[in-house]
Amino acid sequence: MSKKLHAGIVQFDVKTADPEENLTRALSGITALAEAGVQVAVLPELWTGGFHDNIAADARQTPPILEALSETAAACRMVIAGSMAEATDQGIYNTLYVHDSDGTLVGKYRKTHLFTATGEDRSFLAGDQAVVCRTTAGIFGLVICYDVRFPEFCLSLALKGADGLIVCAEWPTSRIHHWDALLCARAIENQLPVLAANRCGKDATILYGGHSQIVTATGNVAVSADDTETTAIHAVLDRAEQDRFRKSIPSLKERRPDVYGI
C-alpha cells in the first residue's frame with residue numbers, strides 16, 4: 001500500500017427526496033476528484049435524499065444507485081463511500097456503503113447511534129456492529145454523524161486495525177463548532193486521519209453547516225470546505241508521518257483498560 005493517501009470529499013446541498021438529482025451532483029463531484037487523481041471519495045450522510053417523512057421511497061432507490069456507484073468506482077479506479085437508506089424485512093437502516101476501486105462492495109455499516117433528539121429512532125433501526133473495511137486505499141473505520149460523539153466507538157475502530165476514519169454526516173450549523181472539535185479530537189486520540197463529509201444547505205427545518213474536512217493523524221486540518229456548495233475538496237496525506245507520530249507518542253499501546261474499564 002502506498003505511503004501517500006490522496007483523499008477527497010464531495011460536499012453539496014442534498015435535495016430532499018430527490019435521488020436522481022442528488023446522484024447527478026454526487027457523480028459530478030466524484031468525476032472532479034477522479035480527474036485530480038484522488039484514491040478515495042466520501043459523500044455525506046443520506047446523500048440521496050436527506051431526512052424526511054417518506055424515507056422508504058429513498059430506500060427503494062438504493063439498489064440501482066449502488067449499481068451506479070459500483071460502475072463509477074470501477075471506471076474511476078476509486079474507493080467511494082457514502083450513507084444511504086437501506087430497506088430490510090425488519091425496517092430501514094441508515095447505512096454507509098463502501099465500494100472498492102474495482103467496483104466491488106467491500107463494506108457496509110449501519111448507523112449505531114441514532115440521534116433521538118430529532119427523532120431518528122422513529123425512522124431508522126439502530127445497527128449493532130462496529131465495522132472496519134479493507135480497501136485498496138487503506139483500512140477504514142466507518143462512522144456516521146452522531147457516532148463521532150462517542151470516543152469509545154471510534155477507539156474500537158482503531159483497535160480493530162483501522163488506519164483512517166470515514167465519516168458521513170448531516171451536521172447542523174448550530175453545532176458546527178462541535179463538529180470541528182470532535183473531528184480533530186478523534187484524529188488526535190486515535191492517531192489516524194479523518195475523512196469527513198458533511199452536507200450544506202437546508203431542508204424544511206434545519207440549516208446544515210458544511211465544513212467537510214480532511215484531518216491528519218496529528219490533528220491538523222489538511223483541507224476544509226466552508227458552508228456553501230462545494231464540488232469537491234481533496235488533500236494528500238502522508239502515512240509515514242502517521243507512523244512516526246504513533247512511534248513518538250505510543251498512546252494506543254500505553255492504554256490502561258485495567259484501570260478505566262474500556
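**Pocket, sheets and burial**

Student: How do you know that the lining of the largest pocket divides into eleven nonpolar, seven polar and nine charged residues?

Tutor: Residue type decides the class: Ala, Val, Leu, Ile, Met, Phe, Trp, Tyr, Cys and Pro count as nonpolar, Asp, Glu, Lys and Arg as charged, and the others, Gly among them, as polar. Sorted in this way, the lining of the largest pocket gives eleven nonpolar, seven polar and nine charged residues. The model is a predicted one: local features need pLDDT of at least 70 and side-chain atom pairs count only at pLDDT 80 or more, while totals for chains, interfaces and linings use all residues. Residues are numbered from 1 along each chain as its sequence is written, and side-chain values use heavy atoms, with hydrogens and water left out.

Student: What makes this a pocket, and what is the volume of the largest pocket?

Tutor: On a 1 Å grid over the protein atoms alone, a pocket is an open set of points with protein on both sides within 12 Å along at least five of seven lines, whereas a cavity is a set where a 1.4 Å probe fits but cannot get out. The largest pocket has a volume of about 580 Å³, taken as the space filled by probe spheres set on the points, which are joined across faces, edges and corners. Lining residues have an atom within 4 Å of a point. There are 27 of them in the largest pocket, and Phe51, Thr118, Glu120, Ile206 and Tyr208 are the closest to its centre.

Student: Which helix gives the most to the lining of the largest pocket?

Tutor: Helix H3, residues 120-123, gives the most, with three residues. Helices (H or I, at least four residues) and strands (E, at least two) are DSSP runs, numbered from the N terminus.

Student: Why are S5 and S14 called edges of their sheet?

Tutor: The open sheet has six strands in the order S5-S4-S3-S2-S1-S14, with mixed pairing. Strands S5 (105-110) and S14 (230-238) each have a single partner strand, so one side of each is left without a neighbour in the sheet. From one strand to the next the twist averages 25°.

Student: How do you know that S1 and S14 pair?

Tutor: Two strands pair if DSSP finds at least two bridges between them. S1 (residues 4-11) and S14 have seven bridges, in the antiparallel sense, and therefore meet that criterion. Leu5, for example, has Leu237 in S14 as its bridge partner.

Student: What makes helix H1 packed on this sheet?

Tutor: Contact means heavy atoms within 4.5 Å, and H1 (residues 19-35) touches S1, S2 (40-42), S3 (79-87) and S14. The direction of H1 makes about 40° with that of S14; axes are lines fitted to C-alpha atoms, for helices over the stretch in contact, and angles run from 0 to 180 degrees between N-to-C directions. Helix H6 (residues 239-248) lies across S1 and S14, at about 55° to S14.

Student: Why is S4 called mostly covered?

Tutor: Buried means under 20% relative accessible area, exposed over 50%, and partly exposed in between, with a 1.4 Å probe and protein chains only. In S4 (residues 92-99), eight of eight residues are buried. Ile92, Asn94, Leu96 and Val98 lie on one side, and Tyr93, Thr95, Tyr97 and His99 on the other.

Student: Which strands form hairpins with S4?

Tutor: S3 forms one, with four residues between the strands and Gly91 in the turn at a positive phi of about 155°. Eight bridges join S3 to S4 in an antiparallel run, and Glu86 has Tyr93 as its partner. S5 forms another, with five residues between and Gly103 in the turn at a positive phi of about 95°. S4 and S5 pair antiparallel over five bridges.

Student: What makes S6 and S13 edge strands?

Tutor: Another open sheet of six strands has the order S6-S7-S8-S9-S12-S13 and mixed pairing. S6 (132-135) and S13 (221-224) each pair on one side only. The twist there averages 20° from one strand to the next. Helix H5 (residues 176-190) packs on this sheet, touching S8 (164-169), S9 (194-198), S12 and S13, and its direction makes about 160° with that of S9.
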